[in-house]
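Thank you all for coming; I would like to take a few minutes to walk through one structure with you. Please have a look at it first, and then I will go through it piece by piece.

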Amino acid sequence: MATMSSAEPTRRDFLYIATGVVAATGALAATWPLISQMNPDASTIAAGAPIEVDLSPIAEGQVIKVFWRSKPIFIGHRNKKEIDAARAVDWHTLPDPQPDQKRVKEGHDQWLVLIGICTHLGCIPIAHQGEYDGFFCPCHGSQYDTSGRIRRGPAPLNLELPPYEFVTDNKIKIG
Ligand code: FES
């Protein structure tokens, strides 16, 4: 007569293991409400709730990325050279003509806030790359300037601006 090897789990062992898993899940579920109270609910963020971003840690010349509505948002703290470069060009001659002044908030010219999605086929460009030291899309080579305007390559339009406002000089609300 065949006997069951002791290494093989019996039905009783399986039930025991399953109970252990439920207990572990229960413990996780108990800690989750505490964690979730400290952060905005993920579904709320995905649904488009506004987000606030503290600008004070962003050094001059630095570009950071945050997410709003699941989209990457670039926030660039431009230095004088970058602002001057964006304003030196005759914007009427650009593929998607727009003055730099219309792409930033008045009195906050150093802050560039963009949706970081290439207007060609949706790749995420890289900051401080390319011929214009703005943004370079590695997918098909589109080059954007320090205002996020398309200057060269297949992308038809400038990088889009998200809706945002300054709450204080050092804080913006996106959305
Ligand atoms: S997706 Fe950026 S150049 Fe094609």
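This is a predicted model: local features need pLDDT of at least 70, side-chain atom pairs count only at pLDDT 80 or more; totals for chains, interfaces and linings use all residues.

Residues are numbered from 1 along each chain as its sequence is written.

The protein has three helices and ten strands, and by these I mean DSSP runs numbered from the N terminus, helices being H or I with at least four residues and strands being E with at least two. Of the 175 residues in the protein, buried ones make up 23%; a residue is called buried if 20 or more other C-beta atoms lie within 10 Å of its own, exposed if 12 or fewer, and partly exposed in between, with C-beta atoms placed from the backbone.

Let us turn to the sheet. Three strands form an open sheet in the order β2-β3-β4, with antiparallel pairing, and strands are said to pair if DSSP finds at least two bridges between them. Its edge strands are β2 and β4 (111–115), each of which pairs on one side only. Between β2 and β3, which run antiparallel, there are six bridges, and Ile64 stands opposite Ile75 in β3.

Now to the loops. The loop between β2 (63–68) and β3 (71–77) holds Arg69, which has a positive phi of about 50° although it is not a glycine. Most residues other than glycine have a negative phi. Arg69 is partly exposed, because 16 other C-beta atoms lie within 10 Å.

In the loop between β5 (126–129) and β6 (134–136) we find Asp133, also not a glycine, with a positive phi of about 55°. Is Asp133 buried or partly exposed? With 16 C-beta neighbours inside 10 Å, it counts as partly exposed.

Gly130 also lies in the loop between β5 and β6, and it is buried, because 21 other C-beta atoms lie within 10 Å. Leaving aside neighbours within four places in sequence, Gly130 is in contact with Phe135, Phe136 and Gln143. The C-alpha atoms of Gly130 and Gln143 are separated by 6.0 Å, although these residues are 13 residues apart along the chain.

Key:
Two residues are in contact if their C-beta atoms, placed from the backbone, lie within 7 Å.
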